[in-house]
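This briefing sets out selected features of the structure shown below, grouped by topic.

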Amino acid sequence: MIFQNHLLNMYGKCGSLSDARKVFDEMLERNLVSWTSIIAGYSQNCQENEAVDLYFRMRQCGLTPDQFTFGSVIKACSNMNHVEIGKLLHGHVIKSEHGSHLIAQNALIAMYTKYSRISEALAVFLRIKSKDLISWSSMVAGYSQLGYELEALSCFREMLSRGIYKLNEFVFGSVFSACRSLAQAEYGRQIHGLSLKFGLGFDAFVGCAVTDMYARCGWLHSARTAFYQIGNPDLVSWNALIAGFAHGGDPEEAISLFSQMRTLRLTPDDVTIRSLLCAFVSPSALFLGKQVHCYVIKSGFDLEISVSNTLLSMYANCSDLPDAYKIFNEIQKKADLVSWNAILTAFLQQSESGEVFSLFKMMLLSSNKPDHITLVNMLGASGKVASLEVGDQVCCYAMKNGLNEDICVMNALIDMYVKCGNMTSSRKLFDSMENPDAVSWSSLIVGYAQFGYGEEALDLFQKMRYLAVKPNQVTFVGVLTACSHVGRVKEGWLLFRAMETEFGIVPTREHCCCVVDMLARAGCIEEAEAFINQMELDPDIVMWKTLLAACKTRNNLDVGKRAAEKILEIDPSNSAAHVLLCNIFASTGSWKDVASLRGLMRQKGVKKVPGQSWIVDKDRIHVFLAEDCMHPERDRIYSMLDELWLQMLDDDYLPLHI
């Protein structure tokens with residue numbers, strides 16, 4: 001039996017399970033070592049169901065498992081992700097005389113971590129009297145992987161305070177991952193120094209984790225230094241550094257590192273390519289992105305759907321929608337959910353709402369089922385064209401499929417109803433949410449403010465503060481707009497000044513524009529102009545347009561002229577400034593100035609931007625421009641307009657002299 005047990009162990013470690021099972025089945029007598037060896041063999045070779053099945057067969061034979069049996073079967077159960085069996089095994093461990101052994105306890109911590117049940121893992125950890133390095137490492141890793149980064153760092157600090165000094169590369173990897181997620185590069189730098197003291201500075205695993213941590217935190221110089229400290233950097237280390245510079249907005253350096261890696265005869269993988277493509281996020285970087293695209297085609301990486309999806313997103317980010325759509329057409333037969341969401345997002349970003357609706361219909365005919373990202377895109381498109389009918393349909397789909405439980409979908413629904421002017425439905429959805437976040441509150445506050453319900457917006461803001469929900473930048477845009485619409489200048493000033501002092505939000509140009517509008521609406525034209533001139537930020541064209549529009553309403557020619565001059569300094573061909581200034585001249589009876597300005601507009605070739613409107617008819621969006629001659633059905637449209645015009649004249653709806 002001893003010889004056969006050794007054979008079982010050998011075959012299991014070599015991955016030859018058929019031979020191991022043959023030896024096991026031919027054994028006339030089996031002891032605990034025999035059962036444990038075959039269970040361990042199946043567990044180590046990713047045949048978890050067989051391992052668990054053999055464990056229960058062993059129990060039926062009357063054998064009591066020891067710590068090694070528990071360690072193997074719990075590991076197998078962890079990979080099965082079967083919580084109920086895991087809890088049953090935990091019960092067996094507690095009842096067993098070997099239940100307090102570290103092998104079993106550490107296996108339980110790892111199992112609960114894989115189940116994303118950190119509280120159960122902690123309960124097991126706290127019951128261990130003499131914790132070893134594996135116990136501490138498992139707990140630190142569990143916290144870090146499940147998003148409890150502060151707890152991971154706290155556990156690591158306690159580990160050091162308890163005198164656990166034989167640290168390995170894996171615990172450092174978990175801690176650096178926590179620092180990266182928290183963007184705490186300074187704390188990570190201190191731990192980096194500690195890893196060097198432990199002699200792990202040249203370790204590839206630690207070096208890769210340090211490089212990634214510095215890079216994701218924006219410390220690119222430190223990332224490069226840490227990378228070159230690695231004795232023999234592998235592909236994973238190169239990928240971490242390339243990804244760091246790519247996400248850090250340095251496409252040239254990312255390309256340079258990619259070239260260096262290839263010079264060293266390291267073969268890039270799909271992660272390398274996807275990381276590199278993430279560097280190209282603006283039209284100015286499109287040329288470099290196309291060069292990488294050529295390499296992708298030559299190397300055959302375009303056959304991988306994940307790479308094609310990243311290429312699609314790269315072209316979309318660089319505002320090259322035709323090429324993005326071309327890639328999507330090439331992969332449409334094998335497109336996954338990521339592909340569909342990427343192309344929907346691309347068209348939404350370019351305000352092509354009609355195409356978003358068409359693509360969504362095509363998606364419904366495919367094998368891919370919409371998720372929360374898809375619905376957020378659809379709701380965004382519905383809000384852009386104020387298509388309440390489509391928005392209602394998406395809302396029903398979300399409710400029917402349980403996607404309304406996702407807070408991003410709920411926020412998108414609220415925003416869609418706000419943009420469609422249906423404040424009743426947006427408020428109803430908001431009130432149905434258990435824990436609305438700052439985005440939920442802000443969307444509703446902005447909606448109330450924009451549609452003239454200033455008092456309701458301010459009341460909602462007070463309630464938000466009472467419930468200790470921290471406002472964001474958008475919240476204050478809504479609040480200041482509300483103050484502007486209801487004439488609460490003093491309160492608006494107080495809130496504007498409290499933004500930075502009380503809430504830590506630095507005012508942006510949009511907030512300053514709201515203040516200008518608030519002052520101008522209240523008739524304080526000179527004060528509004530003084531506010532613009534005293535700002536720390538450089539005023540943009542929107543701010544001067546806001547002031548100029550107020551000057552037209554208040555017939556303030558002097559300030560209006562200065563505002564128009566500022567607009568034309570920024571944009572000499574701006575038609576809105578010319579038109580508004582003409583209107584101010586006309587309202588004050590300065591007809592010579594009107595004629596002079598109109599002549600100047602003709603001389604410069606400045607034309608008023610035509611108004612645009614649209615309607616949705618039978619699932620199609622029809623866009624119209626003033627004096628539009630390009631619509632395919634223009635003859636029928638103008639014919640109908642002539643008939644309506646004549647009918648209005650006949651019915652005395654319009655005076656004949658118009």
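A residue counts as buried under 20% relative accessible area, as exposed over 50%, and as partly exposed in between. By that rule glutamate 455, with a relative accessible area of 36%, is partly exposed. The model is predicted; the protein has 37 helices and 2 strands, and buried residues make up 46% of its 658 residues.

**Overall architecture**

- Among contacts between residues at least 6 apart in sequence, 58% join residues at least 24 apart.
- The accessible surface comes to about 34400 Å², and 53% of this belongs to carbon and sulfur atoms.

- Residues 336–370 are 74% helix and 0% strand, and here the end C-alpha atoms lie 11 Å apart.

**Salt bridges**

- The count of salt bridges comes to 15.
- Arginine 488 forms a salt bridge with glutamate 455, with 2.4 Å between the closest N and O atoms. This pair links distant parts of the chain, 33 residues apart: arginine 488 is in the loop between helix H29 (473–486) and H30, and glutamate 455 is in helix H28 (residues 454–466). Arginine 488 is partly exposed, at 27% relative accessibility.
- Arginine 465 forms a salt bridge with glutamate 502, the closest N and O atoms being 2.7 Å apart. Distant parts of the chain are again linked, since arginine 465 belongs to helix H28 and glutamate 502 to helix H30, 37 residues apart. Arginine 465 is partly exposed, with a relative accessible area of 32%, and glutamate 502 is partly exposed as well, at 48%.
- Arginine 162 forms a salt bridge with glutamate 158, with the closest N and O atoms 2.9 Å apart. Arginine 162 counts as exposed at 53% relative accessibility, whereas glutamate 158 counts as partly exposed at 34%.
- A network of salt bridges links Arg180, Asp212 and Arg216.

**Packing of helix H32**

- In helix H32 (residues 525–534), the residues Ile525, Ala528, Glu529, Phe531 and Ile532 are buried. Viewed down the helix axis, these buried residues fall within an arc of 155°, so they line one face of H32.
- An α-helix has 3.6 residues a turn, so residues three or four places apart point the same way.
- The cover over the buried residues of H32 includes helices H30 (489–503), H31 (509–521), H33 (541–554) and H34 (557–570).

**Individual residues**

- Serine 96 is located in the loop between helix H6 (83–95) and helix H7 (102–114). Its relative accessible area is 13%, so serine 96 is buried. Apart from neighbours within four places in sequence, serine 96 is in contact with Pro65 and Phe70.
- Glutamate 169 is in helix H11 (residues 169–182) and counts as partly exposed, at 23% relative accessibility. Neighbours within four places in sequence aside, glutamate 169 is in contact with Leu200, Asp203, Phe205 and Val206. Glutamate 169 and serine 195 are 26 residues apart in sequence, with their C-alpha atoms 8.4 Å apart in space.

**Nonpolar surface patch**

- Tyr638, Met640, Leu641 and Leu644 form a nonpolar patch on the surface, and together they have about 360 Å² of accessible area.

Conventions: Residues numbered from 1 in each chain as written. Predicted model: local features only at pLDDT ≥ 70, side-chain atom pairs only at ≥ 80, totals over all residues. Heavy atoms only, no water. Buried < 20%, exposed > 50% of the residue type's maximum accessible area, 1.4 Å probe, protein only. Helix = DSSP H or I, 4+ residues; strand = E, 2+ residues; numbered from the N terminus. Arc of directions from axis to C-beta. Contact = heavy atoms within 4.5 Å. Patch = residues over 30% accessible without salt bridge, like charges linked within 9 Å, V, L, I, M, F, W, Y side chains within 5 Å. Areas by Shrake-Rupley, 256 points an atom, 1.4 Å probe, with all protein chains shown as cover. Salt bridge = Lys/Arg side-chain N within 4 Å of Asp/Glu carboxyl O.
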